[in-house]
Amino acid sequence: GGVTGAGRTARTIDLAAMGRVGGDLRAASATVGAGETVRLLKFVKSGDDLADLAPFTARFGARSRAVAELTGRASLRAFRTTIRLGERLLAHLWAVLLWFGGLICGALSHAGLRVARAVAARV
(Lines give C-alpha, C1' and ligand atoms only; values in the text may rest on other atoms or scores of the structure.)
Protein backbone atom coordinates (compact mmCIF):
# COMPACT_ATOMS: atom_id res chain seq x y z
CA GLY A 1 0.00 0.00 0.00
CA GLY A 2 0.83 3.60 -0.39
CA VAL A 3 1.62 6.13 2.24
CA THR A 4 -1.49 7.73 3.70
CA GLY A 5 -1.92 11.46 4.12
CA ALA A 6 -1.20 11.15 7.84
CA GLY A 7 1.93 9.14 7.08
CA ARG A 8 3.17 11.83 4.69
CA THR A 9 2.52 14.52 7.31
CA ALA A 10 4.41 12.54 9.96
CA ARG A 11 7.32 12.02 7.60
CA THR A 12 7.36 15.73 6.72
CA ILE A 13 7.36 16.70 10.39
CA ASP A 14 10.16 14.24 11.08
CA LEU A 15 12.24 15.60 8.19
CA ALA A 16 11.66 19.18 9.34
CA ALA A 17 12.66 18.26 12.89
CA MET A 18 15.74 16.47 11.60
CA GLY A 19 16.69 19.57 9.61
CA ARG A 20 16.41 21.75 12.73
CA VAL A 21 18.47 19.26 14.74
CA GLY A 22 21.15 19.26 12.06
CA GLY A 23 21.18 23.05 11.95
CA ASP A 24 21.46 23.30 15.74
CA LEU A 25 24.32 20.81 15.82
CA ARG A 26 26.15 22.54 12.94
CA ALA A 27 25.86 25.93 14.64
CA ALA A 28 27.23 24.59 17.93
CA SER A 29 29.95 22.67 16.12
CA ALA A 30 31.01 25.78 14.21
CA THR A 31 31.57 27.53 17.53
CA VAL A 32 33.20 24.90 19.73
CA GLY A 33 34.09 22.09 17.34
CA ALA A 34 32.55 18.69 16.69
CA GLY A 35 34.20 16.94 19.64
CA GLU A 36 33.04 19.51 22.18
CA THR A 37 29.56 19.50 20.68
CA VAL A 38 29.34 15.74 21.20
CA ARG A 39 30.56 16.16 24.79
CA LEU A 40 27.95 18.87 25.39
CA LEU A 41 25.18 16.56 24.18
CA LYS A 42 25.19 14.84 27.58
CA PHE A 43 23.48 17.98 28.91
CA VAL A 44 20.76 17.86 26.24
CA LYS A 45 17.55 16.16 27.38
CA SER A 46 15.02 17.52 24.89
CA GLY A 47 14.63 19.26 21.58
CA ASP A 48 14.35 22.58 23.41
CA ASP A 49 17.69 21.93 25.09
CA LEU A 50 19.22 21.13 21.72
CA ALA A 51 17.85 24.37 20.25
CA ASP A 52 19.48 26.20 23.17
CA LEU A 53 22.86 24.58 22.55
CA ALA A 54 23.89 26.87 19.67
CA PRO A 55 23.22 30.18 21.48
CA PHE A 56 24.78 28.71 24.64
CA THR A 57 28.00 27.84 22.80
CA ALA A 58 27.94 31.19 20.98
CA ARG A 59 27.78 32.96 24.35
CA PHE A 60 30.40 30.92 26.22
CA GLY A 61 32.61 29.72 23.35
CA ALA A 62 35.43 27.39 24.34
CA ARG A 63 34.30 27.60 27.99
CA SER A 64 30.86 26.13 27.17
CA ARG A 65 31.53 22.66 28.53
CA ALA A 66 33.18 24.07 31.67
CA VAL A 67 30.13 26.25 32.33
CA ALA A 68 27.81 23.30 31.69
CA GLU A 69 29.87 21.05 33.99
CA LEU A 70 29.85 23.64 36.79
CA THR A 71 26.16 24.43 36.58
CA GLY A 72 25.00 20.86 36.02
CA ARG A 73 22.30 19.52 33.77
CA ALA A 74 20.07 22.54 34.26
CA SER A 75 22.59 24.86 32.60
CA LEU A 76 20.92 24.97 29.18
CA ARG A 77 17.48 25.45 30.73
CA ALA A 78 18.81 28.17 33.01
CA PHE A 79 20.50 29.84 30.04
CA ARG A 80 17.22 29.79 28.09
CA THR A 81 15.33 31.21 31.07
CA THR A 82 17.91 33.94 31.56
CA ILE A 83 17.76 34.89 27.88
CA ARG A 84 13.95 35.04 27.96
CA LEU A 85 13.99 37.09 31.14
CA GLY A 86 16.52 39.47 29.58
CA GLU A 87 14.37 39.82 26.47
CA ARG A 88 11.32 40.63 28.59
CA LEU A 89 13.24 43.17 30.63
CA LEU A 90 14.50 44.85 27.47
CA ALA A 91 10.97 44.95 26.06
CA HIS A 92 9.67 46.58 29.24
CA LEU A 93 12.58 48.99 29.36
CA TRP A 94 11.90 49.95 25.76
CA ALA A 95 8.21 50.54 26.60
CA VAL A 96 9.15 52.76 29.55
CA LEU A 97 11.60 54.74 27.40
CA LEU A 98 8.96 55.26 24.73
CA TRP A 99 6.43 56.33 27.37
CA PHE A 100 8.92 58.77 28.88
CA GLY A 101 9.79 60.10 25.42
CA GLY A 102 6.08 60.66 24.77
CA LEU A 103 5.81 62.64 28.01
CA ILE A 104 8.77 64.81 27.05
CA CYS A 105 7.38 65.41 23.55
CA GLY A 106 4.01 66.32 25.04
CA ALA A 107 5.60 68.75 27.48
CA LEU A 108 7.72 70.34 24.74
CA SER A 109 4.76 70.73 22.42
CA HIS A 110 2.70 72.26 25.24
CA ALA A 111 5.54 74.71 26.00
CA GLY A 112 5.83 75.51 22.29
CA LEU A 113 2.13 76.30 22.11
CA ARG A 114 2.42 78.66 25.10
CA VAL A 115 5.34 80.48 23.47
CA ALA A 116 3.46 80.71 20.17
CA ARG A 117 0.37 82.14 21.91
CA ALA A 118 2.51 84.68 23.80
CA VAL A 119 4.20 85.80 20.57
CA ALA A 120 0.82 86.03 18.81
CA ALA A 121 -0.62 88.10 21.68
CA ARG A 122 2.23 90.64 21.41
CA VAL A 123 1.72 91.15 17.68
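Which residues make a nonpolar surface patch of about 630 Å²? The legends below begin with this patch. The model is predicted, so local features need pLDDT of at least 70 and side-chain atom pairs count only at pLDDT 80 or more, while totals for chains, interfaces and linings use all residues. Residues are numbered from 1 along each chain as its sequence is written, and side-chain values use heavy atoms, with hydrogens and water left out.

**View 1. A nonpolar surface patch made by six named residues: Val96, Trp99, Phe100, Leu103, Ile104 and Leu108.** Patches consist of residues with over 30% relative accessible area and no salt bridge; like charges are joined within 9 Å, and nonpolar side chains (Val, Leu, Ile, Met, Phe, Trp, Tyr) within 5 Å. Accessible areas come from the Shrake-Rupley method with a 1.4 Å probe, and for residues only the protein chains shown count as cover. Phe100 belongs to helix α5 (residues 75-122); helices are DSSP runs (H or I, at least four residues) numbered from the N terminus. Phe100 is partly exposed because its relative accessibility is 46%, the class between buried (under 20%) and exposed (over 50%).

View 2. Thr57 is buried, with a relative accessible area of 0%. Its side chain reaches the backbone oxygen of Ala54 at 2.9 Å. Not counting residues up to four places away in sequence, Thr57 touches Ala28, Thr31, Val32, Leu40 and Ser64, where contact means heavy atoms within 4.5 Å.

**View 3. Asp52, also placed in helix α3.** Asp52 counts as buried, at 11% relative accessibility. Apart from neighbours within four places in sequence, Asp52 is in contact with Leu76, Phe79 and Arg80.

**View 4. Salt bridges of Glu36 with Arg39 and with Arg65.** A salt bridge is a side-chain nitrogen of Lys or Arg within 4 Å of a carboxyl oxygen of Asp or Glu. The closest N and O atoms of Arg39 and Glu36 are 3.0 Å apart. These two residues are three apart in helix α2 (residues 34-40), which means a separation of about one helical turn. Glu36 and Arg65 meet at 2.8 Å, N to O. Because Glu36 lies in helix α2 and Arg65 in helix α4 (residues 64-71), this pair ties together parts that are 29 residues apart in sequence.

**View 5. The salt bridge between Lys42 and Glu69.** The closest N and O atoms of this pair are 2.9 Å apart. Lys42 lies in the loop between α2 and α3 and Glu69 in helix α4, so the pair ties together parts that are 27 residues apart in sequence.

Conventions:
Buried < 20%, exposed > 50% of the residue type's maximum accessible area, 1.4 Å probe, protein only. Polar contact = N/O pair within 3.5 Å; in protein donor to acceptor, adjacent residues only side chain to side chain.
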